[in-house]
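Please look through the sequence and the model shown here before reading on. The paragraphs that follow go from the whole chain to single residues.

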Amino acid sequence: MKNKWYKEAVFYQIYPRSFKDSDGDGVGDIRGIISKIDYLADLGVDAIWFSPLYASPNADYGYDISDYKAINPEYGTMDDFDEMVRLLHGKGIRVIMDLVINHTSDKHEWFVNARSSRDDPYRDYYYFRDGRGKNGKKPPNNWTSFFVGSAWKYEENTKQWYLHLFDENQPDLNYFNPRVMEEIKGILRFWLDKGVDGFRCDVITLLSKTAGLPSGKKRIALTGSEYYIDGDRMEEYLGELQEVLREYDAFTVGESVFITVDKALRYTSEDNEYLTTVFSFDHVSADNRFGIKQLPKKFNLLDLKRALTRWQNGLYGKSWNTLFWENHDSARIVGRYVSDRVNREEGAKMLATVLLTLSGTPFIYQGQEFGTISARMTDIKDYKDVDALRSYALLKKLFGKKKAMKKLAYCSRDNARTPVQWDDTQNAGFTTGEPWLKVAPSYRDINAKQAEKDGNSVLHYYKKLIKLRKGDKAFVYGKYQDLLPKSKKLLAYLRESEYGKLIVINNFSLKTAKFTLPKGIDGGAYTLITSNYADSPKKLGTTALRPYESIVYKADGKNA
């Protein structure tokens, strides 16, 4: 096991459109981010992953890129970006860009040229195919989009179809054409030369499609996915990207669709590293990740435990985990895994404890650090997410309007994209204008300014945990053992390394739950490190944990 900077770092994700607006146009921007650098440094984060800052017509709010080497004018200028990088580096904070290379925008120059003529030189940058059936009016195969419906769009101009695994405004790039990879390498060099420290690689394991694009086995959702997820040329493509990335010692984290431990090791083994690490989604499987394919289900602690055990033990010593509860694609964790009405702050602190006491690199999503909850919007007119709007149409047919809205309010990506709640003034201090997306009504009670003033807030607890993790490698490294695998209320685990032993006990219930010290563990060797209640027992032993109580004990070892 090699000690690396990214293993000991805490990352923070910024969704620029909703972070902080500096000019009153209702859209977050780079100068708004610059105004909050001191806040981020005080939180203690070491790196920031920026959701796309590139030029985009915003069909999917930045994940449809029209120019990879330009900043979205809504966010500012390239000079603003360069200043931001310089200031962040000055605070010791690394910059991680979002790399979206499975698809472009249909407004990208490559695609504008490609769709103009069957003979255009850029035609083979994308997947254009003749249709099936009479007059070719049926899609070339039966693949379905992650955003509901066929993955093909008919082009009347050239009488062919093009592939889009996401929105029709996001045509997939064709990596069978080697010129595409050379273009992407040039994009990597452009940003790395600007001082960027790495990339979060969007849906990276979709790059390799099966030759011939055969129709797939019919299923309710994602028909054809066996021919475009984790394809047989993935190592080849990632290896080509690494030719550039290794020159700069760049960090990468891959978003990997339906990833398993075995597949993660295929990409991230320290002996043969195609990606530095990957995001797995097993532990948030109760959430909606892609379209309506994973409708929300009731939280089950046993499911979470199995996922944690699988990934903590499956990668440790061979590869490296990532840890997260939230991102721009998922509803807020408070309200899903703990109540957003009863013992909300204790629940948020407990989840923070789990995040920052496991093996892996923690990622905190904007607003998570002070316990932001989902907006739960009830009017379809308030939604902006293309995925939500398309899913709603189908959900309404399947379940009726009332139930469709209830499901959407729980799982829509817009829940995470509402403006950051900086204070309790109008528009939560995000903007002086009309916000691009409605501010969550909870901003009056849940906001950063109020959390800063309250020394017992969720925000201050995050700061405490981050400081503990940075000061003690026992929080970072160590094998994982679930001490109570059958408990439906308590998540209790042992972390063991040369730096010492941690025992972390978490009550995921709103009722008191009894913890009994397992045989073979000497409770007297452990002392209290932190808890989300002020009067938790100082010594490890049998105890009754209160609602969402979370306690960390440590037995000393070699520390660094």
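**From the whole chain to single residues**

The chain is built from 14 helices and 20 strands, where helices (H or I, at least four residues) and strands (E, at least two) are DSSP runs, numbered from the N terminus. This is a predicted model, in which local features need pLDDT of at least 70 and side-chain atom pairs count only at pLDDT 80 or more, while totals for chains, interfaces and linings use all residues. Residues are numbered from 1 along each chain as its sequence is written, and side-chain values use heavy atoms, with hydrogens and water left out.

Taken along the principal axes, the C-alpha atoms of the chain fill a box of roughly 75 × 50 × 50 Å. The radius of gyration of the chain is 24 Å, which agrees with the value near 24 Å for a compact globule of 560 residues; this radius is taken over C-alpha atoms, and the globule rule is 2.2 Å times the number of residues to the power 0.38. Of the 560 residues, 62% count as buried, a word that here means under 20% relative accessible area, with exposed meaning over 50% and partly exposed in between (1.4 Å probe, protein chains only). Among contacts (heavy atoms within 4.5 Å) between residues at least 6 apart in sequence, 70% join residues at least 24 apart.

The accessible surface of the chain comes to about 21300 Å², of which 48% belongs to carbon and sulfur atoms; such areas come from the Shrake-Rupley method with a 1.4 Å probe, and for residues only the protein chains shown count as cover. The chain carries 85 positive and 75 negative side chains, and the centres of the two sets lie 8 Å apart. In this count Lys and Arg are positive and Asp and Glu negative, while His and the chain ends are not counted, and the place of a charge is taken as NZ of Lys, CZ of Arg, CG of Asp or CD of Glu.

How many disulfides does the structure hold? It holds zero disulfides, a disulfide being a pair of cysteine sulfur atoms within 2.5 Å. Cys201 counts as buried because its relative accessibility is 3%, and Cys411 is buried with a relative accessible area of 4%.

Leu301 lies in helix 8 and is buried, because its relative accessible area is 5%. Leaving aside residues up to four places away in sequence, Leu301 touches Ser487, Lys488, Lys489, Leu490, Leu491 and Phe508. Leu301 and Lys488 are 187 residues apart in sequence, and their C-alpha atoms are 5.9 Å apart in space. Phe281 is placed in the loop between strand 11 (277-279) and helix 8 (301-315), and at 15% relative accessibility Phe281 counts as buried.

Asp382 sits in the loop between strand 13 (361-365) and helix 10 (386-399), and it counts as partly exposed because its relative accessibility is 21%. Beyond residues up to four places away in sequence, Asp382 touches Met377, Leu437 and Lys438.

Most residues other than glycine have a negative phi. Asn343, in the loop between strand 12 (322-324) and helix 9 (344-355), has a positive phi near 50°, and with a relative accessible area of 24% Asn343 is partly exposed. Ala428, in the loop between helix 12 (414-417) and helix 13 (448-453), has a positive phi of about 60° although it is not a glycine, and Ala428 is buried, with a relative accessible area of 0%.
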